[in-house]
Amino acid sequence: MHSANQFVYTRERRRFGRQCLFSDRNQLMLSINPSKRQRCQYILRNPVHQGTQLSRQLAYSIMETENVSLADHGMYHYEGGWPREVNIKDEEATLRHRKKIERDDNWGGQVVGLIHQSLDVAEENNTVNIYEDFFLDLPSEAGDSIRTAFEARQKNIFHDPEIIRRPIAVIDWTPNDVRRFLVLHSNIPLARRMPGESNKKDKPKEKDDGKKKLILLTPLVKQEKIENTNDFYIWNLENPLKPMTSFSCDDKVLKTLYCPKDENWIAGGLQSGKICIWNSRMGGQPVSICPLEAAHREPAAALCWVHSKTNTEFYTGSHDGSVKYWDGRDLEQPIQELLMDPQMTDDQMRSRSHGVTVMEFEYTIPIRFIVGTDMGSIFIGNRKGMTPMETLAAGNYRLFNGPIRTVERNPFFVKNFLITGDWCAKIWAEECKGSPLTFLIKKSNQILCGSWSTARCSLFVTGDSEGELDFWDMLLNQRKSIFSMKFSARILCVKFRPDGEYLAVGLGNGDIQILEMDKAMKQSSSKDKGLMVAMFEREQLRCKLLEGRVEEIKLKHRLTAADLERKTLIEAQEKEKIAPEPLDPDNPDEFLRIITSDEEFRDIFNSFQDHVLKTDKKRQKREYIMDLTDFEMELTTHHSMGNLPTPPAAPGSDEENMNMNIINT
């Protein structure tokens with residue numbers, strides 16, 4: 001038994017799949033009389049004028065609120081959305097509930113609103129043909145001008161708490177808490193001119209009192225004031241006024257990094273070459289520090305944590321050319337020490353070693369670690385090697401003429417690196433050895449830093465000495481940046497947050513700019529990864545073909561040089577040979593040897609034979625002309641006139657031969 005609010009709609013089988021077309025008709029389905037009670041509640045309102053303040057309002061306030069948890073709840077409409085207490089299978093219960101709703105005063109207005117919405121939907125359905133293909137007549141290039149905007153907006157600025165600003169050396173986001181990040185300020189570069197600084201800053205100021213000139217060396221005064229400011233901090237992303245945790249040290253700190261697997265520990269390298277460990281929960285002074293006899297001989301400028309069961313092992317590199325392997329639980333002695341000697345031997349020499357500027361390690365490849373040096377070379381290390389020869393067996397490659405400033409793997413394609421140094425940035429792979437893989441950008445300003453985006457696989461940023469921050473997308477344009485920003489100071493460090501939503505930019509004046517990425521710059525489409533894989537494979541194949549061609553050219557040059565050397569050696573040996581004893585011409589054997597060894601005689605004899613052959617050929621081609629006697633000429637004349645019989649044919653001629661044939665017949 002069907003309820004009263006059901007309607008059965010039937011169609012023919014051949015009309016299945018077509019759209020439903022609705023039409024208008026005049027039929028009164030419901031009539032609602034006006035309510036006097038509602039008419040009395042209607043109030044006529046006069047126009048209201050509201051004033052606004054046109055001046056700009058400035059306010060400074062800080063508020064930190066708890067995160068609001070939001071939840072979405074849906075409702076399943078069955079049989080018109082009946083309440084839970086109404087049994088839809090009981091017709092009397094549904095009828096009573098329907099009458100109860102109809103007695104409500106708001107029911108009429110709601111029904112009218114639903115009618116208007118239904119009419120709009122029906123008219124749209126009748127207007128649009130859902131089975132028609134639209135915009136087929138438009139040209140293919142009509143949508144080229146429609147592009148997604150690439151922008152980045154400033155979210156916050158974090159200033160150096162010290163009175164005298166210090167340049168930024170390291171920015172490292174907390175591994176498990178995206179709201180915190182570590183900032184290391186360095187006062188080392190202030191003692192010398194950095195790239196991009198003007199020479200006017202180093203000129204002393206002069207005062208003329210009429211007789212004497214007083215010279216004020218202001219940079220030296222600043223240097224004395226900040227010699228003891230070695231503090232670095234952990235900041236909260238939402239609070240730029242005061243750091244959460246402060247760390248200090250008696251020596252100047254050059255490098256600090258979180259342990260990726262345990263954020264409670266921070267390892268650092270000092271100006272004196274020592275290595276120390278801080279506890280991020282306590283702050284203050286380091287909890288352990290290595291002795292001077294186990295430290296590096298020069299400043300420890302590079303550091304990277306590696307994969308281990310205890311999460312306490314890391315590598316450090318120094319300008320003295322050494323790389324040491326440490327266990328954070330015991331810093332009394334390093335586990336292993338290597339020298340970045342470009343010559344592959346177990347007998348390493350410190351005088352040949354390159355100074356280490358940067359190190360890199362990827363947890364998904366626990367065996368490899370990468371070392372960048374101040375001579376522009378890349379060393380690939382193997383953690384399983386027991387000797388220096390086995391550890392550095394993968395080789396070293398020269399990529400730059402100056403120091404390497406950044407080595408960072410692509411988080412989506414870990415075999416590809418972004419390397420910055422000098423005035424260019426390169427994308428490099430281990431399989432391509434000494435040549436750049438896909439991308440090579442050059443600028444007139446020195447590129448001081450670079451970083452891959454952790455959200456968009458084809459995006460990376462670079463910062464230069466003039467304060468220009470460039471965003472590069474390999475899939476969109478490989479010759480110019482898709483977006484650029486200008487800052488007031490040189491850019492020393494850039495780092496994306498693990499989720500790719502924010503970018504931290506460290507400046508030379510001690511400020512940290514937090515930039516919020518636009519939607520187009522923090523997401524990748526479904527095709528981007530496939531296109532990047534195809535591009536990397538294509539470029540790797542191209543590089544391998546070029547390397548093979550170079551090897552062929554080198555082999556050809558080596559063979560040519562070897563042949564030339566061999567020929568020169570033979571000529572020298574021939575000159576050094578002793579003259580042979582004179583031969584006896586009366587002896588037939590020795591006479592024959594004299595003739596065969598004499599090149600001049602051999603040439604003359606060959607030319608004589610050629611002359612004889614040419615003479616024989618001319619004789620064979622010569623034509624013989626026989627002159628007739630007076631008697632033969634007279635006979636020939638009479639014969640032509642018909643007076644005399646035909647003279648006998650000359651012996652041996654064709655005519656005589658023909659007569660002889662006739663007689664024989």
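Me: How many aromatic pairs does a search of the whole structure find?
Reply: This is a predicted model, in which local features need pLDDT of at least 70, side-chain atom pairs count only at pLDDT 80 or more, and totals for chains, interfaces and linings use all residues. Residues are numbered from 1 along each chain as its sequence is written, and side-chain values use heavy atoms, with hydrogens and water left out. Rings of Phe, Tyr and Trp (its six-membered ring) pair if their centres lie within 6.5 Å; planes under 30 degrees apart count as stacked, over 60 as edge-to-face and the rest as tilted. The search finds 15 aromatic pairs.

Me: Is the pair of phenylalanine 232 and phenylalanine 247 stacked or edge-to-face?
Reply: The ring centres are 5.0 Å apart. The angle between the planes is 15°, and the pair is stacked.

Me: Is phenylalanine 232 buried or exposed?
Reply: Buried means under 20% relative accessible area, exposed over 50%, partly exposed in between (1.4 Å probe, protein chains only). Phenylalanine 232 has 0% relative accessibility, so it counts as buried.

Me: Why is strand β14 largely enclosed by the rest of the structure?
Reply: Strands (E, at least two residues) and helices (H or I, at least four) are DSSP runs, numbered from the N terminus. Strand β14 covers residues 322–327. It is largely enclosed because 6 of its 6 residues are buried.

Me: Which residue in β14 is the bridge partner of glycine 317?
Reply: Two strands pair if DSSP finds at least two bridges between them. Strand β13 (residues 313–318) and β14 run antiparallel, joined by 5 bridges. The partner of glycine 317 in β14 is valine 323.
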